[in-house]
Amino acid sequence: MSNLTKKALLEALGVLLEKKPFSKITVGDLTEKCGLNRMTFYYHFQNIYELMIWGLETNVLEAARDCLTYENWKTGYLRLYQFALEHKVYITKIFMTIEEEHLGSYLNKIAEKMVLAVIDEKCRDVCLDEADKRFTAEVCAHALVGVLVSWVKRGMEEEPREVIRKLGCLLDGMVEKTMNGFR
């Protein structure tokens, strides 16, 4: 029941974003749209930002769920870009609402989890220092998030496959090369 309530609140947020800016949406608006009381909202989330971050993380991880290997990470990121295009109105409003520093921080945490999964899969037979893995994940996450944020700011005009192709050219082999360099 808990996830159903969270999803209902997220859906209400999406509906409300079609009508007004994120900054003008209140907890009362959300709970009224769902037919819930305010305490139900606060049982699940501290504030609307937390709901939004939960929604982003849930959708990003769902999009990339089975693509957290070295061989298919690009498929996961392509799905993420396609998700952003399908929800362009919401994504654009969310990106305009949150300060870039905070948005980058939220997205970097998600991206680092994904990159660490890829590194762990690629290097499962290699003894590698945890600090080296984290450093590599951090660098890759910053690149992935920076490109995504820039793409959204430019209006999502560039074809996602082309963006991912370019990222692949830059990042393919980076994990492997980095791992060899740290030994």
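I take buried as under 20% relative accessible area, exposed as over 50% and partly exposed as in between, with a 1.4 Å probe on protein chains only. The model is predicted, so I use local features at pLDDT of at least 70 and side-chain atom pairs at pLDDT 80 or more, while totals for chains, interfaces and linings use all residues. Residues are numbered from 1 along each chain as its sequence is written, and side-chain values use heavy atoms, without hydrogens and water.

**Entry: aromatic rings**

I looked up Phe45 first. Phe45 counts as buried, at 3% relative accessibility. Phe41 is buried too, at 0%. I paired rings of Phe, Tyr and Trp (six-membered ring) with centres within 6.5 Å; planes under 30 degrees apart are stacked, over 60 edge-to-face, the rest tilted. That rule gives six aromatic pairs. In one, Phe41 and Phe45 have ring centres 5.8 Å apart and planes at 45 degrees, so I log the pair as tilted. Ring pairs join Phe41, Tyr42, Phe45 and Trp54 in a cluster.

**Entry: helix α8**

Helices are DSSP runs of H or I, at least four residues, and strands are runs of E, at least two, numbered from the N terminus. I checked the length of α8, residues 130-153. The expected span is 1.5 Å times one less than the number of residues. For 24 residues that is 34 Å, and the end C-alpha atoms are 34 Å apart, so the two agree. Its buried residues include Cys140, Leu144, Leu148 and Trp151. Gly155 follows α8 with a positive phi, near 90 degrees.

**Entry: Asn108**

Asn108 sits in helix α7, residues 100-122. I count Asn108 as buried, at 9% relative accessibility. With contact as heavy atoms within 4.5 Å, Asn108 touches Ala141, His142 and Val145, leaving aside residues up to four places away in sequence. Ala141 and Val145 are among the buried residues of α8.
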